[in-house]
Amino acid sequence: MGIGLDAYWDQFEGLEQRLQTYLNIVSKKIAAVHNNIVNAGLVDTVDKAFAAGSLFRREEVDLIFLHVTTYALSATVLPAVQKAKVPVIILNLSPGAHIDYKAFNEMNDRRKMTGEWLAWCAACPVPEIANVFKRTGIRFHQVTGMLEDDAACWQEITEWVEAAKVAHTMSYNRLGCLGHYYNGMLDIYTDLTLQYAAFGGHIELLEVDELSALREKVSDQEIANRVTVFRDIFDVQPDCPQAELERAAKTSVALDQLVERYRLGAIAYYYKGTGNEANEDTMSSIILGNSLLTAKGVPVAGEYEVKNAQAMKIMDSFGAGGSFTEYYAMDFKDDVVLMGHDGPGHLAIAEGKTKVRPLVVYHGKVGKGLSVEMSVKHGPVTLLSVVENRNGGLLLLVAEAESVAGPVLQIGNTNSRYRFPMGARNFVNSWNQHGPAHHCAIGVGHIASKVEKLGSLINIDVVNINN
């Protein structure tokens, strides 16, 4: 919505039309980033403000961009945002870099001069609006810049749109929890209702027995087809037994069916299966199927790491990937941290084709089978952890780094080398200081600023250790 003051229109010819042109430019630019927008037009009276608020509520908007075109009364703004009850981004956008002072002062008509001044007057009511928002509890943020030819300004607006889209995705996401926590891994235990409170969505508690039952109904043809998919997508190593590929394929097909049945957008899983042959067979053949799901936008976190499944979904929703990872070791010679994990990896952010290797034992877990080996694409990366603190709240912990080339451990797990601006030693100390669980999500690109905006929209504190 744009805002103005109706008293001006009869006083200054062409001003309303000029400001409407500005609003149309903003609307088109935002629509180019996300095409599902609602434009309430130029709001210049209290009645229009109430109508705009009702429109926003009917359309269930997630975020309001408040384009300040000229001076406007705060009373023509507040009703709209109070009814909508969503965060507001105040767009304080000047028509250009500066007023043409010489041409302005050479005008021989004071009325025209005032009209021209009002067309450049976007910054004027922003303190008034901010004051009223603060006093009435409206969550808001500001973007100050130019209507056009201001890349930094429009990058910031774009990031707000992207953050709102991720907040929306999380609010409708269905997280499947399959099995139970890894016994004794206390840092990953979490309050599921707290996850609802922070992100919204739905959490479905799933039985491994159901997955095993689905698995028994998978046909030989479905298994053969999935093995073909494996060989096409993965770099299947020569020492992988055909029987293990078929076992993994059977589970992969069943996993897809489980995801479809419950419309899952993410999964946290772990289950020993001890004493139940069918469940052990299922859970020891799950890695390839989970890797395929993760690459298709259904991130899967091992060891029942619910918080990290949320972090992975956030990263994936930003288009950054989101692979399950943890510290492996430190390389003080090269000043890098080795990070990775057993279990699924995010194939879409792999450096090259992901290898499949057979493992004769899953360390710390029951059974044996196939596993994936990959490194994250070389270049900029972002780490994200959803942290539960002692006060019963959540924060988002984020850091930016570089995935760099170099030797990695070829042990059938994901494994990458990360170099941090502050150095490996300082990174580890700084990261651990905030008390995250030992898992985190890794994605490609430097997107800490987007994560910070997401935190602002969903009212979760964000700590960026690079700052």
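Analyst: Arg417 is in contact (heavy atoms within 4.5 Å) with residues that include Asp331, Asp334, Val336, Glu402, Pro407 and Val408, leaving aside its neighbours within four places in sequence. This is a predicted model, in which local features need pLDDT of at least 70, side-chain atom pairs count only at pLDDT 80 or more, and totals for chains, interfaces and linings use all residues. Residues are numbered from 1 along each chain as its sequence is written, and side-chain values use heavy atoms, with hydrogens and water left out.

Arg417 belongs to strand β17, residues 414-419. Strands (E, at least two residues) and helices (H or I, at least four) are DSSP runs, numbered from the N terminus. With a relative accessible area of 4%, Arg417 is buried; buried means under 20%, exposed over 50% and partly exposed in between, with a 1.4 Å probe and protein chains only. The side chain of Arg417 makes a polar contact of 2.6 Å with that of Asp334. A polar contact is a pair of N or O atoms within 3.5 Å; within protein, one must be able to donate a hydrogen and the other to accept it, and residues adjacent in sequence count only if both atoms are side-chain atoms. A polar atom of the Arg417 side chain also lies 3.0 Å from the backbone oxygen of Pro407.

Now the rings. The whole structure holds nine aromatic pairs. Rings of Phe, Tyr and Trp (its six-membered ring) pair if their centres lie within 6.5 Å; planes under 30 degrees apart are stacked, over 60 edge-to-face and the rest tilted. Tyr181 and Tyr304 are edge-to-face, because their planes stand at 80°, with the centres 4.8 Å apart. Phe420 and Phe427 are stacked, at 3.6 Å centre to centre and 5° between the planes. Phe420 is buried at 4% relative accessibility, and Phe427 is buried at 0%.

Four strands form an open sheet in the order β7-β6-β9-β10, with parallel pairing. Two strands pair if DSSP finds at least two bridges between them. β7 (202-206) and β10 are at the edges, each with a single partner strand, so one side of each has no neighbour in the sheet. Strand β9 (residues 266-270) pairs with β10 over two bridges, and Ile267 stands opposite Val300 in β10.
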